[in-house]
Amino acid sequence: MATKLSEVDWFEWNGVRCTEYGMHVLGQPSIISAAERVSNEEIPGRSGSLTLLEGDNIFDDITLAVTCVIDSPYETAEGESVSRIAKICGWLRGNGEIKFANRPDGYYKGRMSSQISFDKIVSGDPHMVFQVQFRCQPFFYLDSGETAITIPIADSPKQLTNPGNTPSLPVIKLTGTGEGTIMAGGSTMLINSFEDIEYLMLDCEAKIAYTGVPGDTSDPLKLLGTRVTGEWLTIPTGTSFFTMTGGVTSAVLTPRWRCV
């Protein structure tokens, strides 16, 4: 339990804490469980309505807001008065990852979703209060899910324990010598070939296969969708096993555990 103001007086946007901009958090967002995406259809001659789910583990976005205050709209830098408001507005843009002090063991993926209105608390007082709203994807990603799990072929099948309350969609780095399969939970994917590549990356959330790193000229990005067939792997909640067969020789699995 937080006992000091410094332990609850912050949020982070793309790895930068708001206190670096002179912002203090007056109110953290509520912890929200995302709603399943459904539609309700009325059936003639039947009371009530029929609820139709769009699919398994399909949820609506959530809106999370923090209420903040700054001591002054200006700060002094190298002897000059610099607009703190302009710097804050330049920082809070686009898409990114958000971490809140009242839930510091993970993060949300989202986007700045509204204009920011800076209002004086009391006339003549330099303090200004404002609200920052983020439109977030429905999942809360646990920090523990960013720790990679190295699985040599000798350890296959490897037991995994998903601590989240919904299935995860991992990133998997594979090495191998030829055709093989990988399996997790009830999903199976066939790897067709490792020819001319040192490794194969599978992003099971984005549903892409590739090698290389974006922007790295020494290891350029190359899409390899034709190298894989079958189901994109999903790690179910609770205990399950990750298995490799055939020419797949090792896996480095970043599980991306998550909750709703």
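Trainee: Does K99 count as buried, partly exposed or exposed, and at what relative accessibility?

Mentor: This is a predicted model, in which local features need pLDDT of at least 70, side-chain atom pairs count only at pLDDT 80 or more, and totals for chains, interfaces and linings use all residues. Residues are numbered from 1 along each chain as its sequence is written, and side-chain values use heavy atoms, with hydrogens and water left out. Buried means under 20% relative accessible area, exposed over 50%, and partly exposed in between, with a 1.4 Å probe and protein chains only. K99 therefore counts as buried, at 15%.

Trainee: Which residue meets K99 in a salt bridge?

Mentor: A salt bridge places a side-chain nitrogen of Lys or Arg within 4 Å of a carboxyl oxygen of Asp or Glu. For K99 the N to O distance is 2.7 Å. K99 lies in strand 9 (residues 95-100) and its partner in the loop between strand 12 (128-142) and strand 13 (149-152), so the pair ties together parts that are 44 residues apart in sequence. The partner has a relative accessible area of 31% and is partly exposed; the residue is D143.

Trainee: How many helices and strands are in the chain?

Mentor: Helices (H or I, at least four residues) and strands (E, at least two) are DSSP runs, numbered from the N terminus. The chain has 2 helices and 22 strands.

Trainee: Which residues are joined with E205 into one network of salt bridges?

Mentor: E205 is partly exposed at 25% relative accessibility and meets K109 at 3.4 Å, N to O. K109 lies in strand 10 (residues 103-112) and E205 in the loop between strand 17 (200-203) and strand 18 (208-211), so this pair ties together parts 96 residues apart in sequence. E205 also meets R256 at 3.9 Å, a link between parts 51 residues apart. Salt bridges that share partners join E205 into one network with K109, D203 and R256.

Trainee: Which backbone oxygen does the side chain of S168 reach?

Mentor: S168 sits in the loop between strand 14 (158-162) and strand 15 (171-184), and is buried with a relative accessible area of 0%. Leaving aside neighbours within four places in sequence, its contacts (heavy atoms within 4.5 Å) include N162, L233, R256 and W257. At 3.1 Å, the side chain of S168 reaches the backbone oxygen of P255.

Trainee: Which residues make the nonpolar surface patch of about 280 Å²?

Mentor: Patches are made of residues with over 30% relative accessible area and no salt bridge, with like charges joined within 9 Å and nonpolar side chains (Val, Leu, Ile, Met, Phe, Trp, Tyr) within 5 Å. One member is partly exposed at 43% relative accessibility and lies in the loop between strand 18 and strand 19 (222-223). The patch is made by I208, L221 and L223.

Trainee: What radius of gyration does the chain have?

Mentor: The C-alpha atoms fill a box of roughly 75 × 65 × 35 Å along the principal axes. The radius of gyration is taken over C-alpha atoms, and the globule rule is 2.2 Å times the number of residues to the power 0.38. A compact globule of 260 residues would be near 18 Å, but the chain has 23 Å.

Trainee: What percentage of the 260 residues is buried?

Mentor: Among contacts between residues at least 6 apart in sequence, 70% join residues at least 24 apart. The buried share of the 260 residues is 39%.

Conventions. Areas by Shrake-Rupley, 256 points an atom, 1.4 Å probe, with all protein chains shown as cover. Polar contact = N/O pair within 3.5 Å; in protein donor to acceptor, adjacent residues only side chain to side chain.
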